[in-house]
Amino acid sequence: MTDPNINFYRKECSYCFKTTATDHIYACSCSIPVCSSHKSMHMSKSGHKIVFSVLDDILTFEREYREEIENENRDIKEVEEHLLRTIDLKGDRDCCPHSTTPQNIIHNETRCLSKKDKCDVKDLWVCFTCGYSACGRKQVYLEGNNHMETHYKETKHSKVVRNDLMYCYVCEKYVYDVNFDDVSKLTNCARIKDKNAEVYEMIKQIVKLNEEQKDSLFNIKEIDYELDYDVPGENDEQSKNGGHIAGHKGITNNGNTCYISCVFQLLADILNFTTFHFLKCSVNPFNCLLCQITRVCRELKSTEKSLKELTENTSTDYINIKDLIKCLQREGLVIDGIQQDFSELLFLILERLRSEETNEIECGVNELLIGLVVREWCDGCEKEKLADNEQYFVILSEKRYDRLNGKDEVENGEDVSKQNKITNEHSFGPNFYFFEEECLGKCSCGGTRHRNTLINKLPTKLIIINNHRMENNEFHTNDQIPAHLDFNELIYKVKVDDKLVNEVLSLGFSKQEVQKALRLTNNNLNKSIEMLLSKNGKVSDNSEFKLFGGVKYYVTGMNNGHYIYIRDSVVIDDKEIRKVKVNERFYKHFLVLVYRSVSVAD
């Protein structure tokens, strides 16, 4: 009997963030780890069975597997201890299928052995097959000429070791090998490890010096968020829970990942992920982008869990999303170690979810879409023409940046700062980008033809990208942001077809709701019926929205910045969560704003 497959197993559930510290983490025959809550869901897939489970540091085989071990006269306790030790050594790395062991060890040097180029790089790798020592690729703070990869291409020795890490050039990632203990046969490995330690200590000092110089240069001791915080009292909920607030969960910063954290804090608030994709997915959840998005957003969903439940899940009130970040990197959506634009990543994720919504995932992303219609009409004969609908995830604020400084641009003698935005006559709010009415000339009836853009579908949550720009290393935004929005004057109000009203009324819905549904679907009979059925006969056409939260951005140095997420009266700054007073400075530096329909918010 072969040992259990632990290729993907780790002491953490692949569908949530429970660990062996709080729950049994079961090992399926496919090596996927699952907790008690997700065990039945995973086992519903054909061909799966549980092999063992781990709780704390105790491994227990299932009855069937235990009997097989006993029939082979093997010591069960010894097998369990060996397997548990292997799991601990493996960590969150996958087992490498290209298993090998040190053989024909012909090298015992502690320098880079490249023959083509003289190389004095001190940070070295050791070939797991022959003991050849060479440098890796150049990285931040680390020199390297990639001579070890050259050795791999010449010899096909795919496994290399540095300190306690193993890398496989075939898998193109850090891996665990069942023969890793054989590294002791490489007598030069320990000596190189000591030399590398000297290099890493020197790097730590450089990093420390750089941070001190940055603080001195930019006078940055800590980021000033310009927010007034509530002072926790002795008996309030925040103080009782170590400064954190019930119902919220932070995210560990893995190095310039604050923008990623904010994207998924926002998505967790505005979307509702189900376990639908978990049931359909047949790959390792740790390596599946949609699985990881679902896993993270369900964990962050504060409205579904109390602080007690959150704490029971992970023993902390923040999570590490390293598996999600790896998936984003594999998909080419983010670059390791580089801070990117928040709004760009948000759009990419929303579009990805939208493309998968029908078949692969359920999260309600289509409910975020704003429907626009271009209407042309004549004020004489009253003939009307509607262009095909377009749908967008966001509304943009005013395009003209100079408006922020109170300047009005002039182009060809006209004030263009007043074009392409909603005016103060609308109750939507000042300086938001939209198409205003334009004249198209005379109609054959003698009247004047007009065209404008109106809304024919409002989402339950509205995302607005605020006007912003960088100038002299300072971040500027439009701070004239209303706490409430009303789209009533911008909604296209189609004339309801009375014949269709009577036809839908026969299904038992009220006349008022039927008229709303037909108006919102542009008199589309089938769509209006679907809407009424999905909403249990209650259709909301509320045009009022209330500010719910958003993302702020702060410049912390040359080409450096930091993102934080704010919802209601709570600031979520990576893994730190705290209260905030909503005052006149609440809106400053907002890059993205999130509004909720009043019917949803209330």
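Begin by selecting strands S6, S5, S7, S8 and S9, which in that order make up an open five-stranded sheet with antiparallel pairing. Strands here are DSSP runs of E of at least two residues, and helices are runs of H or I of at least four, both numbered from the N terminus; two strands pair if DSSP finds at least two bridges between them. S6 (133-135) and S9 (173-175) stand at the edges with a single partner strand each, so one side of each has no neighbour in the sheet. From one strand to the next, the twist averages 40°. Axes are lines fitted to C-alpha atoms, for helices over the stretch in contact, and angles between N-to-C directions run from 0 to 180 degrees.

The model is predicted: local features need pLDDT of at least 70 and side-chain atom pairs count only at pLDDT 80 or more, while totals for chains, interfaces and linings use all residues. Residues are numbered from 1 along each chain as its sequence is written, and side-chain values use heavy atoms, with hydrogens and water left out.

**Inside the sheet**

Next, select S5 (residues 124-127) together with S7; two bridges join these antiparallel strands. Cys127 stands opposite Val160 in S7. Helix H4 (residues 147-155) packs on the sheet and touches S5, S6 and S7, its direction making about 125° with that of S6. Contact means heavy atoms within 4.5 Å.

Move along S7 (residues 159-162) to Arg162. Is Arg162 buried or exposed? Arg162 is buried, at a relative accessible area of 9%; buried means under 20%, exposed over 50%, and partly exposed in between, with a 1.4 Å probe and protein chains only. The side chains of Arg162 and Asp123 are joined by a polar contact of 2.7 Å. Such a contact is a pair of N or O atoms within 3.5 Å; within protein, one must be able to donate a hydrogen and the other to accept it, and residues adjacent in sequence count only if both atoms are side-chain atoms. Leaving aside residues up to four places away in sequence, the residues that Arg162 touches include Trp125, Gln139, Tyr174 and Tyr200.

Then select Trp125, Tyr152, Tyr167, Tyr169 and Tyr174, a cluster linked by ring pairs. Rings of Phe, Tyr and Trp (its six-membered ring) pair if their centres lie within 6.5 Å; planes under 30 degrees apart count as stacked, over 60 as edge-to-face and the rest as tilted.

Lys156 lies in the loop between H4 and S7. Its phi is positive, about 65°, although Lys156 is not a glycine. At 61% relative accessibility, Lys156 is exposed.

**Strand S21 and its partners**

Turn to S21 (residues 448-457), where seven of the ten residues are buried, so the strand is largely enclosed by the rest of the structure. S12 (residues 370-378) runs antiparallel to S21 and is joined to it by eight bridges; Val373 has Leu454 as its bridge partner in S21. S20 (residues 438-442) also pairs with S21 in the antiparallel sense, over four bridges, and Lys442 stands opposite Thr448. Five residues separate the strands in the hairpin of S20 and S21, where Gly446 takes a positive phi near 100°.

**Last stop: helix H14**

Finally, select H14 (residues 511-520), in which Glu513, Val514, Lys516, Ala517 and Leu518 are buried. Helices H13 (498-505) and H15 (525-534) are among the elements covering these residues. Asn522, which follows H14, has a positive phi near 60°.
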